[in-house]
Amino acid sequence: MLHKYFDSAIALTSICSIGLATLTLAEDTIAYEQPDTVKDLQLQRLDNSLAANIKSLKEVEPLVPPEPAPQPISIAAINTIKEFEGFESQAYIDTDGTPVIGYGLSAIGGVPVQIGDRIDSNEADAALHAQLQVIQQKLDKAISVDLSDRQLGAIASLAFNAGVDSIEKSSLVRKINAGDYHGAADEFLRWDKANVRGILVQLPGLTRRRQAERQLFLLDS
């Protein structure tokens, strides 16, 4: 800020800045400059402030992006699985010799089902949802295109029945990723056999299920 006052004899100029003040009276100039010790103190304070700011920046924890929300369980998958598996409160032996329970579940919470196990419908629903969540996560990594709930439901039902590890590496998934949806739909029909005493046998129940899954997939293709 600069203010000037003039009269016939006196000119007074006041200049304010860091470390320097100048007073002009007529033609005589008196200069006052802060001592070096004051300057050094100001610089030291500035250095300390900058050092503190830099330290605080270094101590800030890096931002971690939030994990994506779990994909909603496909309603079509739940309905299809329940329709073809049915519900059994007691463990029984499936066609391939594996003990299953509820809606054809071979494990509950990672623990294999054993003959003699019992389950109610609420527990079976929770276990089915948990298993489908794992299946859908694996399918989501394997499939690079967006799917409708019915398309996802058809594939998830197949993966639940035949094993997701086999389906995620199958030609069905490769055709979906290539955009060949009708070709992918026909791939469902190939998964109609079960291992019965070490032999792959075509089962009428699996044939009906694969046809239903194929039709479900094609509804939005």
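**View 1. The largest pocket holds about 850 Å³ of space.** This is a predicted model, in which local features need pLDDT of at least 70 and side-chain atom pairs count only at pLDDT 80 or more, while totals for chains, interfaces and linings use all residues. Residues are numbered from 1 along each chain as its sequence is written, and side-chain values use heavy atoms, with hydrogens and water left out. A pocket is an open set of points on a 1 Å grid over the protein atoms alone, where a 1.4 Å probe fits, with protein on both sides within 12 Å along at least five of seven lines; lining residues have an atom within 4 Å of a point. The volume is the space filled by probe spheres set on the points, which are joined across faces, edges and corners.

**View 2. The lining of the largest pocket comprises 36 residues.** Closest to the pocket centre are Asp94, Asp96, Phe160, Asn161 and Ala162. At least two lining residues each come from helix 2 (75-85), helix 3 (121-142), helix 4 (149-162), helix 5 (164-167), strand 9 and helix 8. Helices (H or I, at least four residues) and strands (E, at least two) are DSSP runs, numbered from the N terminus. The lining has 16 nonpolar, nine polar and 11 charged residues; Ala, Val, Leu, Ile, Met, Phe, Trp, Tyr, Cys and Pro count as nonpolar, Asp, Glu, Lys and Arg as charged, and the others, Gly among them, as polar.

**View 3. Strand 9 and strand 10 form a hairpin with two residues between them.** The two strands run antiparallel and are joined by four bridges; strands pair if DSSP finds at least two bridges between them. Alanine 194 has valine 201 in strand 10 as its bridge partner. In the turn, arginine 197 has a positive phi of about 55°.

**View 4. Ring pairs link Tyr181, Phe188 and Phe217 into a cluster.** The structure holds three aromatic pairs; rings of Phe, Tyr and Trp (its six-membered ring) pair if their centres lie within 6.5 Å, and planes under 30 degrees apart count as stacked, over 60 as edge-to-face and the rest as tilted. Tyrosine 181 and phenylalanine 217 make a tilted pair, 6.3 Å centre to centre with 35° between the planes. Tyrosine 181 lies in helix 7 (residues 181-187) and phenylalanine 217 in helix 8 (residues 204-218), so this pair ties together parts 36 residues apart in sequence. Phenylalanine 188 and phenylalanine 217 also form a tilted pair, at 5.6 Å and 50°. Phenylalanine 217 is buried at 0% relative accessibility (buried means under 20% relative accessible area, exposed over 50%, partly exposed in between; 1.4 Å probe, protein chains only). Phenylalanine 188 is buried at 0%, whereas tyrosine 181 is partly exposed at 23%.
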